[in-house]
Amino acid sequence: METAIVAVNVKAVRTVKNNLTFDSLELELREYAKENGVPIIIDEGLSFLESVIRIKKPINILEIGSAIGYSAIRMARAANSNVYSIERDEKMYNLAIGNINKANLNDKIHIIFKDALEAFDDVKDIKFDLIFIDAAKAQYHKFFDLYTPLLNDEGVVVCDNMYFHGLVEDISNIDNYSRSVRGLIRKLNEFHEYLLNNNDYHTSIYNIGDGMSISVKK
Ligand code: SAH
Ligand code: MG
């Protein structure tokens, strides 16, 4: 039997459509983030992450990088999961706590005010079904190694900003960027390689949102 080869122009159909809706608090958080330059997850990435959560139905989620609590609130609501979220910035931490109160999700979302590299003991007794990494991009490798021992069998790790505004994909202009941005792009590239060569996980890195990876434990 011959196999039909169907050419698909992936670029032409790349636009991700979704029917996300937002309640008044979520709209308020989006507005705050926009006005204050807080890098909350963009809609394309959010719709992807929520799909993963609806399929996976995690009991416990670990988030690295809460900011104002926007993604934590969305994740908790997607499948009624418990979310443990780590944030090192005091202002962000306080905003997140306030927003989680307003959302009436105190029993579901626990924000830990620490640097994520120092918060292992706070969550070490919990088994996670999903880990969402969305903090300092240069430290993704360290976050991954530190927290994946807490992942359940068949657990999933999702990372946001894997293409970092397209910079990781297109390094042709790399000389135009500051030293710190160049370092960051290099680190994210190394992390791509690390994930793709990691024999314990099936990994795909998608050009969705700002670039999202999904690693599934083998
Ligand atoms: N997940 C949020 C956005 C997070 S923005 C959302 O989509 O709604 C990234 C956050 O990670 C920032 O608030 C920053 O303060 C925090 N962060 C960066 N490095 C961190 C670290 N090492 N430990 C804890 N938080 C960190
Ligand atoms: Mg992000």
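User: Which side chain has an N or O atom 2.8 Å from a nitrogen atom of ligand 1?
Analyst: That is D134, whose side chain places an N or O atom 2.8 Å from a nitrogen atom of ligand 1; please keep in mind that this is a predicted model.

User: What about G65 and Q139, how far are they from a nitrogen of the ligand?
Analyst: For G65, a polar backbone atom is 2.9 Å from a nitrogen atom of ligand 1, while for Q139 a polar side-chain atom lies 3.2 Å from a nitrogen atom of ligand 1.

User: And how much of ligand 1 does the protein bury?
Analyst: Taken alone, ligand 1 exposes 590 Å², and the protein buries 92% of that; the ligand sits in the largest pocket.

User: Who's around it, by class?
Analyst: The shell around ligand 1 is made up of 11 nonpolar, 4 polar and 7 charged residues, and of these 22 residues the ones that come nearest are G65, S71, E87, A116 and D134. Both α3 (70-79) and β2 (82-87) supply at least two residues of that shell each.

User: Switching to the magnesium ion, which protein donors does ligand 2 have?
Analyst: Its protein donors are D134 (OD), D160 (OD) and N161 (OD1), lying 2.1 Å from the ion, and along the chain they follow the spacing D-x25-D-N.

User: Where do D134 and N161 sit in the chain?
Analyst: D134 is in the loop between β4 (128-133) and α6 (140-147), whereas N161 is in the loop between β5 (151-159) and α7 (179-196), so that the pair, 27 residues apart, links distant parts of the chain.

How values were computed
Residues numbered from 1 in each chain as written. Chains lettered and ligands numbered in written order. Predicted model: local features only at pLDDT ≥ 70, side-chain atom pairs only at ≥ 80, totals over all residues. Heavy atoms only, no water. Near = heavy atom within 4 Å. Polar contact = N/O pair within 3.5 Å; in protein donor to acceptor, adjacent residues only side chain to side chain. Areas by Shrake-Rupley, 256 points an atom, 1.4 Å probe, with all protein chains shown as cover. 1 Å grid on protein atoms, 1.4 Å probe; cavity = no way out; pocket = protein on both sides within 12 Å on 5 of 7 lines; lining within 4 Å. Sits in = over half its atoms within 2 Å of the grid points. Helix = DSSP H or I, 4+ residues; strand = E, 2+ residues; numbered from the N terminus. Nonpolar A, V, L, I, M, F, W, Y, C, P; charged D, E, K, R; others polar. Donors = N, O, S within 2.8 Å, 3.2 Å for Na, K, Ca; no water.
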